[in-house]
Amino acid sequence: MSGSLVAQSPFVFTLPGTSNASGNIHFWENLDLFPNGIQRCFWISQVKEGETRGNHAHRQESQVLVALAGSLQLEVHSVQDQVFNFNLSSPEQALFIPPLNWLVARFSPNAVLLGMSDRVFSEDDYIRDFDYFEKLQESYK
């Protein structure tokens, strides 16, 4: 398995944009991260206090996540057995999550997460069993 994909680490970046008296605009046009553009867009809102979302990894899909409202506490487990913690609390910040990274997302009240993916939805791309993900980590050590 380790020869089929190169494992990468997640990272936060600032979205380009401008601000003036009428408001802010931010955008993302990054063909380095998503050479074929955004293939799927989704948003998650009204997550109950104490609940988590994500709780999965992807085999091939990369995602960029943005907190459009509120804040997100994002815990990312890499296939190289590292744990990264990120706090997104501004719509000008984004988190890039490459394939083979397990995400756990915690939402502040009224938070809205925007997700952009480089692939269309495919259930076969999901890794939903953390025990299986931990076994993948062994092959990357």
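## Start of helix H1

In this predicted model, a side-chain oxygen of aspartate 129 lies within 2.9 Å of the backbone nitrogen of aspartate 131. This contact sits at the start of H1. The helix runs over residues 130-140.

Phe133, Leu136, Gln137 and Tyr140 are the buried residues of H1. They span an arc of only 110 degrees around the axis, so they fall on the same side of H1. An α-helix has 3.6 residues a turn, so residues three or four places apart point the same way.

Asp131, Lys135 and Glu138 are exposed. They sit on the face of H1 turned away from its buried side. The cover over the buried residues includes strands E5 (52-58), E7 (72-78), E10 and E12 (126-127).

## Aromatic pairs

There are nine aromatic pairs in the structure. In one of them, the ring centres of tryptophan 28 and phenylalanine 34 are 4.8 Å apart. Their planes meet at 85 degrees, so this pair is edge-to-face. Both tryptophan 28 and phenylalanine 34 are buried. Ring pairs also join Trp28 and Phe34 with Phe11, Phe13 and Phe96 in a cluster.

Tryptophan 102 and phenylalanine 133 form a tilted pair, because their planes stand at 45 degrees, with ring centres 5.7 Å apart. This pair links distant parts of the chain, 31 residues apart. Tryptophan 102 belongs to strand E10 (residues 101-107), phenylalanine 133 to helix H1. Tryptophan 102 is buried, with a relative accessible area of 6%. Phenylalanine 133 is buried at 0% relative accessibility.

Terms used. Residues are numbered from 1 along each chain as its sequence is written. This is a predicted model: local features need pLDDT of at least 70, side-chain atom pairs count only at pLDDT 80 or more; totals for chains, interfaces and linings use all residues. Side-chain values use heavy atoms; hydrogens and water are left out. Rings of Phe, Tyr and Trp (its six-membered ring) pair if their centres lie within 6.5 Å; planes under 30 degrees apart count as stacked, over 60 as edge-to-face and the rest as tilted. Buried means under 20% relative accessible area, exposed over 50%, partly exposed in between (1.4 Å probe, protein chains only). Helices (H or I, at least four residues) and strands (E, at least two) are DSSP runs, numbered from the N terminus. The arc is that of the directions from the helix axis to the C-beta atoms. Contact means heavy atoms within 4.5 Å. A polar contact is a pair of N or O atoms within 3.5 Å; within protein, one must be able to donate a hydrogen and the other to accept it, and residues adjacent in sequence count only if both atoms are side-chain atoms.
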